[in-house]
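Thank you all for making time this morning. I would like to walk you through one structure, and I will ask you to keep it on the screen while I talk.

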Amino acid sequence: MVNGMSERVTLASVADEAGVSLSTISKVLNGRADVSPDTRDRVERLLHERGYVRRGTGRAEAHAELIELVFHELDPIWSMALIGGVEAVAKEHGLSVVLTVNGSRHEPDPDWIDGVIRRRPVGVVLVFSELALEYRERLQARAIPFVIVDPAGDPSPEVPSVGSANWSGGLAATRHLIELGHRRIAAITGPDDMMCSHARLDGYRSAMTSAGLPIDPDWVRWGDFHLDGGRDRARELLALPEAQRPTAIFAGSDLQALGVMDAARAAGLAVPAELSIVGYDDIPFTRWVTPPLTTVHQPLRRMGEEAARLAIRLNREPAASTPRMDLATSLVVRESTAPPPVE
């Protein structure tokens, strides 16, 4: 029953209002490609306005035994932790994982939504900053729950999500450098259009301000979370006049921190004797680089686990309010940080 009416009556009334057959309504509901975009949009709008949610007599009938995990890109190191977390929880529940790579870092491409409707998974875990309202409505109309596992952004309040404490991570990284005695501390954050870049940078600024330290505008650089971006921005910082050059750099990702290490070697600077470096993420090989990297641990595997658990739970029982979870970050001190050189 939906809004007190049977599914058949609801779909028949939508078909009548849309001027299409029941078979066309069925094609739209099942993500079939042989429906014109205008007809699909009209039917989708009417289904949403009528509050239609597809019901099944049981999970086996309504959904395939799958969790769909969607990335915009696959980093061979960073992504594996999230994949491992989702796979572990899927296995506990007798489910398989479908891995999809699609879209930009902000949201999947339009062709993705038709495919996921055809696959009809138990739930969808998306590694994006956002999901368009149109996509949300189409998934909700088919009772396909979705969760954004979000190390990179700040989803809308009505979107179920699992994230981490980015501001606290930036604060802890910078405080560590201040406690070692550094005063000229630079930050290389991520892209300007990603909320986590701003949150980590705000943590850096809060630590500097609380310690009464000035922030030279030249010490703040926008990166891309990749090795080349870290190396290029570090070269700019290390080319500053000696009295202005930072003695420590907080990099907004471990890959950027490795780029900073490369730039320091090229400039003839010893790490950490002449330049201290802190990364972010705590990806596995950071403990094996030379020197081992001090970094902020972001619980990527657990983020994947919690997102998968939430998607499965929402499949079984929709939540009364939008569930959101931010997991704690923690500083991992290794050998890439030390007191600044005596001047």
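This is a predicted model: local features need pLDDT of at least 70, side-chain atom pairs count only at pLDDT 80 or more; totals for chains, interfaces and linings use all residues.

The protein has an average pLDDT of 86, and 89% of the residues score at least 70.

Let me turn to one of the sheets. Six strands, in the order β2-β1-β3-β4-β5-β11, make up an open sheet with parallel pairing. Because β2, residues 96-101, and β11, residues 324-327, each have a single partner strand, they stand at the edges, and one side of each is left without a neighbour in the sheet. From one strand to the next, the twist averages 20°. At the β11 end, strand β5, residues 161-164, pairs with β11 in the parallel sense over 4 bridges, and Val-162 stands opposite Met-325 in β11.

Which helices lie on this sheet? Helix α5, residues 78-92, lies across β1, β2, β3 and β4, and runs at about 170° to β1. Helix α12, residues 300-316, also packs on the sheet, where it touches β1, β3, β4, β5 and β11, and its direction makes about 165° with that of β4.

The other sheet is likewise open and has 6 strands, in the order β7-β6-β8-β9-β10-β12, but here the pairing is mixed. Its edge strands are β7, residues 220-222, and β12, residues 330-332, each of which pairs on one side only. Direction ignored, neighbouring strands of this sheet are turned by 20° against each other on average. Within it, strand β6, residues 185-189, and β8 pair in the parallel sense over 4 bridges, with Ile-185 opposite Ala-248 in β8. Helix α10 lies across β6, β7 and β8, running at about 150° to β6, whereas helix α11, residues 254-266, packs on the sheet by touching β6, β8, β9 and β10, its direction making about 155° with that of β9.

Now to the helix pair. Helix α6, residues 110-119, and helix α7, residues 133-141, pack at an angle of about 5° with their axes 11 Å apart, so α6 is roughly parallel to α7. On the α6 side, the residues that meet α7 include Trp-112, Ile-113 and Ile-117, and the α7 side contributes Tyr-135, Arg-138 and Leu-139. By class, this contact has 7 nonpolar, no polar and 2 charged residues.

Finally, a single side chain: what does Gln-244 touch? Gln-244 sits in the loop between α10 and β8, and, leaving out residues up to four places away in sequence, Gln-244 touches Arg-184, Asp-216, Asp-218 and Trp-219. With Asp-216, the side chain of Gln-244 makes a side-chain polar contact of 2.8 Å.

How values were computed: Residues are numbered from 1 along each chain as its sequence is written. Side-chain values use heavy atoms; hydrogens and water are left out. Two strands pair if DSSP finds at least two bridges between them. Helices (H or I, at least four residues) and strands (E, at least two) are DSSP runs, numbered from the N terminus. Axes are lines fitted to C-alpha atoms, for helices over the stretch in contact, and angles run from 0 to 180 degrees between N-to-C directions. Contact means heavy atoms within 4.5 Å. pLDDT is the predictor's confidence in each residue, from 0 to 100. A polar contact is a pair of N or O atoms within 3.5 Å; within protein, one must be able to donate a hydrogen and the other to accept it, and residues adjacent in sequence count only if both atoms are side-chain atoms. Angles under 35 degrees count as roughly parallel, over 145 as roughly antiparallel, 65 to 115 as roughly perpendicular and the rest as oblique. Ala, Val, Leu, Ile, Met, Phe, Trp, Tyr, Cys and Pro count as nonpolar, Asp, Glu, Lys and Arg as charged, and the others, Gly among them, as polar.
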